[in-house]
Amino acid sequence: MTFLGDSRTTYQQDLIGRIEYRSAKPIKAYEKWSIASVDTVIKSIETIIRASPDLAQFCQSVRDGSHETYLYPPLQVIFRTIEGAAAEMTGYKRTQFRQLVSMADHVPDAENMSFPLDKPDFVLAEVPLTSGPLTPAIDLGSDSIKWRQISGFIDVKPDVKEGPNTTKSSSVGEIVSQGANYARLIMAARPFQLYVLCVFIYGHKFSLGWYDRRGVIISDDYDILDNLDIFVNVILQLTTHMTIYQLGHDRSARLLEGHSYYQFEYPSFLVSMGAAGDTRLWKTQGPPIWSSLSLLGRGTATWRAVSAENKPNKKQVVVILKTLWRSQTRESESDIYAHIKSPLPGVAELSLGDDVCIPVAREAHARVTIGTLRSLILDDGAGVLDDPVLHRLTLKTVGLPLWDASTTKDFILGSLAALKGFSTIQLTR
């Protein structure tokens with residue numbers, strides 16, 4: 001379940017003071033290649049694109065001041081050419097399978113989540129593996145794309161003046177605000193997504209974007225003709241090379257073997273605390289019970305889960321698995337639960353809780369913060385104001401779990417129990 005959150009323009013105010021413009025950092029996310037001679041691959045594709053009628057058509061539409069919908073078809077062909085030409089021309093072997101899809105009038109499937117009817121112009125959709133160089137084209141007339149399939153996006157405007165970089169620190173461009181809306185929906189549909197990468201195209205210019213729980217980082221403006229090699233590099237990385245973790249997925253939550261984001265049912269995950277040597281492990285069951293729709297908040301998500309530790313004869317007990325970003329200046333939720341010395345009516349009992357960690361360089365237990373992620377991916381050592389920490393806890397259920405409730409009476413009694421539990425906590429503080 002999610003709640004219906006902000007509209008596409010809400011973040012025009014919320015993002016003021018939280019945007020880094022004309023930054024050299026976003027391009028860093030696309031510089032890590034695990035193959036040799038990648039420059040030769042990119043140059044070969046660049047040559048094909050420059051000679052294609054599609055680039056000429058795109059540039060002519062921009063010069064004519066055409067509506068942005070006239071830019072979609074040539075861009076779609078260019079994206080598909082980049083995705084497939086590398087293998088056809090150079091023998092380059094893709095390791096990841098994603099496709100940039102023009103959404104036209106189609107809205108991604110929110111699967112019972114209360115999402116607004118918004119959509120990016122192009123979505124970066126995870127698709128089934130294929131033995132060929134190019135993934136089969138998605139036909140939106142017969143194949144729907146789920147929001148949880150989407151790991152990034154491209155937004156298009158017809159005029160350079162509509163770009164994200166502004167000279168006024170007191171205003172936020174519409175394209176940035178719309179991007180914030182798409183980023184929050186991706187994070188809500190994929191609660192283990194810690195940040196979102198995107199590309200803005202405006203006229204003959206483009207820039208790269210990064211959205212996380214503390215704001216936005218936008219690159220300087222690039223020219224599609226003058227910087228076509230950068231454009232090719234970015235699209236090739238997004239569709240064929242970057243891992244799910246480089247695109248922002250939580251490394252401590254991996255898809256269960258055989259599961260995918262594009263399968264019919266919501267996938268399950270094996271979730272740990274991330275630290276080296278920590279054997280605690282849970283398996284999620286079904287979609288999230290709750291997933292926050294805010295971008296600049298705690299990003300709380302709760303799941304139904306069972307222990308996945310390899311302990312023979314241990315009974316499988318269903319718990320509530322909760323992940324959120326917590327402020328380092330405040331007491332953690334796990335510590336607050338630890339103050340409760342005996343069970344209270346209507347209050348869930350803490351099983352365990354801690355900050356999520358990842359090994360970084362020589363540090364085996366580095367806490368996951370927004371600053372840590374920016375440093376690892378963007379080589380950003382500037383630090384983050386009120387840098388939040390990724391926190392995870394498991395709670396034992398009390399009474400009838402919400403997912404087993406089947407009548408209005410069950411929900412009313414559950415709500416009353418929760419209110420009594422809240423009152424009890426207030427009285428014992």
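Contact here means heavy atoms within 4.5 Å. The model is predicted; local features need pLDDT of at least 70, side-chain atom pairs count only at pLDDT 80 or more, and totals for chains, interfaces and linings use all residues. Residues are numbered from 1 along each chain as its sequence is written, and side-chain values use heavy atoms, with hydrogens and water left out.

Beyond its neighbours within four places in sequence, I45 contacts I82, A85, A86, V232 and L236. I45 also belongs to the largest nonpolar core, which has 58 residues. A nonpolar core is a set of buried (under 20% relative accessible area, 1.4 Å probe, protein chains only) Ala, Val, Leu, Ile, Met, Phe, Trp, Tyr and Cys residues joined through side-chain atoms within 4.5 Å. I45, F79, I82, I154, I201, F206 and F231 touch the most other members. Helix α6 gives the most to this core, with 8 residues. Another core, of 38 residues, lies apart from it; F97, F153, A183 and V216 are among its members.

Helices α4 (residues 72-90) and α6 (residues 228-241) pack at about 70°, with axes 9 Å apart. Helices are DSSP runs (H or I, at least four residues), numbered from the N terminus. Axes are lines fitted to C-alpha atoms over the stretch in contact, and angles run from 0 to 180 degrees between N-to-C directions. The angle makes α4 roughly perpendicular (65 to 115 degrees) to α6. From α4, the contact involves I78, F79, I82, E83 and A86; from α6, F231, V232, I235, L236, T239 and T240.

How values were computed
Helix = DSSP H or I, 4+ residues; strand = E, 2+ residues; numbered from the N terminus. Parallel < 35°, antiparallel > 145°, perpendicular 65-115°, else oblique. Buried < 20%, exposed > 50% of the residue type's maximum accessible area, 1.4 Å probe, protein only.
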